[in-house]
Amino acid sequence: MGQVVATAERTVRAPAERVRAALADYTGTRREVLPEQFSDYRVDAGGQGSGTRVHWRFAATSKRVREQDVEVTEPEGSLVERDTRSSMVTTWTVTPAGAGSSTVRVRTTWDGAGGVGGFFERTFAPRGLRRVYDDLLGRLERRLG
C-alpha cells in the first residue's frame with residue numbers, strides 16, 4: 001500500500017483573491033464549475049470556505065464511483081478538503097501570477113491499494129484526476145472571465 005498523489009496546475013486570468021473566493025464558494029461558483037464526474041452535490045453546512053461540509057459522488061470511471069463527505073479548512077491561505085469517508089485530502093493553493101492572473105495548484109493524496117491493483121491505481125488514477133481538474137479549472141476561468 002502506498003500513497004497516491006495527483007496534481008494539476010493552471011494559470012487563470014483572474015486576480016488571486018477572486019480565484020480563492022470562487023473556489024471557496026461551495027454554494028455558488030464551485031457547484032457551477034464541477035465537471036460531469038461530480039453528481040449528487042449538496043452543501044450540508046456552511047458554504048463559504050472553512051467550516052463547510054459538502055457531499056458529492058465522484059465517478060472516476062463508470063465502474064469506480066465514490067461517495068465523498070468533505071470537510072473544508074483554510075490553513076495558511078490554502079483551501080483543504082478532507083473526505084471523512086477515506087484518506088483522500090485535496091489542497092487548493094492560489095498565488096498571484098502577475099498582470100491580474102493567478103496560478104492555481106491542486107494536489108490530492110490518498111492511501112492506495114497494495115499489490116497489482118495498487119500499481120495500476122498509482123499509475124493511472126493521477127492522470128485521470130488531472131484531466132478532471134484541468135476541466136474544472138478551465139470552467140472556473142471561463143466563469144470568472
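Colleague: Which residues are linked with E141 in a network of salt bridges?

Modeller: In this predicted model, R10 and R13 are linked with E141 in such a network. The structure holds ten salt bridges.

Colleague: What makes R42 and D44 a salt bridge?

Modeller: The closest N and O atoms of D44 and R42 are 2.8 Å apart. A salt bridge needs a side-chain nitrogen of Lys or Arg within 4 Å of a carboxyl oxygen of Asp or Glu, so the name applies.

Colleague: Where does R42 sit, and what does R42 touch?

Modeller: R42 is in strand 2, residues 38–45. Leaving aside residues up to four places away in sequence, R42 touches R53, V54, H55 and D69.

Colleague: What makes R57 and E67 a link between parts of the chain?

Modeller: Their side chains meet in a salt bridge at 3.3 Å, N to O, which is inside the 4 Å cut-off. R57 belongs to strand 3 and E67 to strand 4, so the pair ties together parts that are ten residues apart in sequence. R57 is partly exposed at 28% relative accessibility, and E67 is partly exposed at 30%.

Colleague: How far apart in helix 3 are D135 and R139?

Modeller: They are four residues apart, about one turn of the helix. Their side chains meet in a salt bridge of 2.9 Å, N to O.

Colleague: How many cavities of 30 Å³ or more does a search of the whole structure find?

Modeller: The search finds one. The largest cavity has a volume of about 170 Å³. It is lined by 16 residues, and the closest to its centre are W56, Q68, E81, T90 and Y133. Strands 3, 4, 5 and 6 and helix 3 each give two or more residues to the lining.

Colleague: What classes of residue make up that lining?

Modeller: The lining of the largest cavity has ten nonpolar, two polar and four charged residues.

Note on methods:
Residues are numbered from 1 along each chain as its sequence is written. This is a predicted model: local features need pLDDT of at least 70, side-chain atom pairs count only at pLDDT 80 or more; totals for chains, interfaces and linings use all residues. Side-chain values use heavy atoms; hydrogens and water are left out. Contact means heavy atoms within 4.5 Å. On a 1 Å grid over the protein atoms alone, a cavity is a set of points where a 1.4 Å probe fits but cannot get out, and a pocket is an open set with protein on both sides within 12 Å along at least five of seven lines; lining residues have an atom within 4 Å of a point. Grid points are joined across faces, edges and corners, and a volume is the space filled by probe spheres set on the points. Ala, Val, Leu, Ile, Met, Phe, Trp, Tyr, Cys and Pro count as nonpolar, Asp, Glu, Lys and Arg as charged, and the others, Gly among them, as polar. Buried means under 20% relative accessible area, exposed over 50%, partly exposed in between (1.4 Å probe, protein chains only).
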